[in-house]
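Work through the exercises below with the model open. Try each task before reading its solution.

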Amino acid sequence: SEEDIYRDAEEIEREKILLCETSSSEHKLSVAPEMDIMEYCRREWRGDTPAAKKMRKGYEAVARKFASIRRVRGDNYCALRATLFQALSQATQLPCWLQSEDFTMLSKNLLSKYDWIKQWQLKQKLGRKMGEISDEIKEYLILLREKWKNISEVKGPLEKQEACDKLFKNEEEEYSLYEALKFLMLNTAIKLYNDDRNGRRVPVFSWLLFARDTSSNPCQLMHNHLNHIGHGGGLEQVEMFLLAYTLQYTIQVYRLYKYSTDEFITLYPNDPEEDWPVVTLITEDDRHYNIPVRMCQETML
């Protein structure tokens, strides 16, 4: 299957046995406890296939910068989960876009301008009325600001990590935050689309986003892509750019299957603003993302 294109039959069978041995409670962890990055690599990529060898080389390169890895729950919110967890775990203040006075009115304002947003699919519940969608999204936006503020005010790194772990064990709150992020991505896409139509300068990824047959405008983007994130699919590459632009964070990704190419370390966006914070993720296939932690001390040669 497509999921297994990098693994030989023996590796797949071993993983099935490993999954059976893992306790059911561990499957529910959104972000698993950290483990040594090379130990994780050896457990996952023990075969002698060319792909396994490339993955080991990739992990060795990551291990020069980071000591540990935290496995992220592999549902269709994976990219949002990994990015948000990393952003919150290093947050020291509220981003400017979360501080604006009209932030919590965003859903009401957008719905008043764009009638088609009534078809937004929220947490797999269809057929809401306009007011209900607006109020529910408003709750999620308020929750995102509140959690970001609370965690950014935690001073000690250990305490901050504990606060993040606690948040990402609360399913109801966690998934509400992802819905807030998706709506913010829609808002960013609408702004970019309107800017381009009005002759303003937009980043290159915006052209690519709306060049697709399935998302030639924000309405199509919502129907065919954003509505499916978390339900029927994850983020595509161009949507990783949209997420980064929405959060005003640079997302640096070690793409292990691209080891020894120029795309091994990819930045979203390619030309980030200098003052944007950076979060780092790892992917083996551009579908599932894990989190590297504990940056190593640089060795001076």
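This is a predicted model: local features need pLDDT of at least 70, side-chain atom pairs count only at pLDDT 80 or more; totals for chains, interfaces and linings use all residues.

Residues are numbered from 1 along each chain as its sequence is written, and side-chain values use heavy atoms, with hydrogens and water left out.

**Exercise 1. The annotated site**

Task: Find which residues the UniProt annotation "active site" covers.

Solution. Start with the record: the unreviewed UniProt entry gives Asp 75, Cys 78 and His 288 as "active site". They are spread over 214 residues of sequence, yet they cluster in space, with a largest C-alpha distance of 8.4 Å. UniProt positions are given here in the numbering used for this model, feature names are shortened, and annotations may be inferred rather than shown by experiment.

**Exercise 2. Two surroundings**

Task: Decide whether Cys 78 is buried or exposed, then list its contacts.

Solution. First, apply the cut-offs: buried means under 20% relative accessible area, exposed over 50%, partly exposed in between (1.4 Å probe, protein chains only). Cys 78 has 2% relative accessibility, so it counts as buried. Helices (H or I, at least four residues) and strands (E, at least two) are DSSP runs, numbered from the N terminus. Then list contacts, meaning heavy atoms within 4.5 Å. Not counting residues up to four places away in sequence, Cys 78 touches Val 72, Arg 73, Arg 287, His 288 and Tyr 289.

Now compare Asp 75. Asp 75 lies in the loop between strand E2 (66-70) and H5. Its relative accessible area is 22%, so Asp 75 is partly exposed. Leaving aside neighbours within four places in sequence, Asp 75 contacts Arg 81 and Tyr 175.

**Exercise 3. Helix H5**

Task: Why is H5 described as largely enclosed?

Solution. Count the buried residues: twelve of the twelve in H5 are buried, so the rest of the structure largely encloses H5. Among them are Arg 81, Thr 83, Gln 86 and Ser 89. Then check the length. The expected span is 1.5 Å times one less than the number of residues. For H5 (residues 78-89) that gives 16 Å, and the end C-alpha atoms are 16 Å apart, which agrees.

**Exercise 4. Helix H4**

Task: What distance does H4 reach from its first C-alpha to its last?

Solution. H4 (residues 50-63) has 14 residues and reaches 20 Å, close to the 20 Å expected. Its buried residues are Ala 52, Met 55, Gly 58, Tyr 59, Ala 61 and Val 62.
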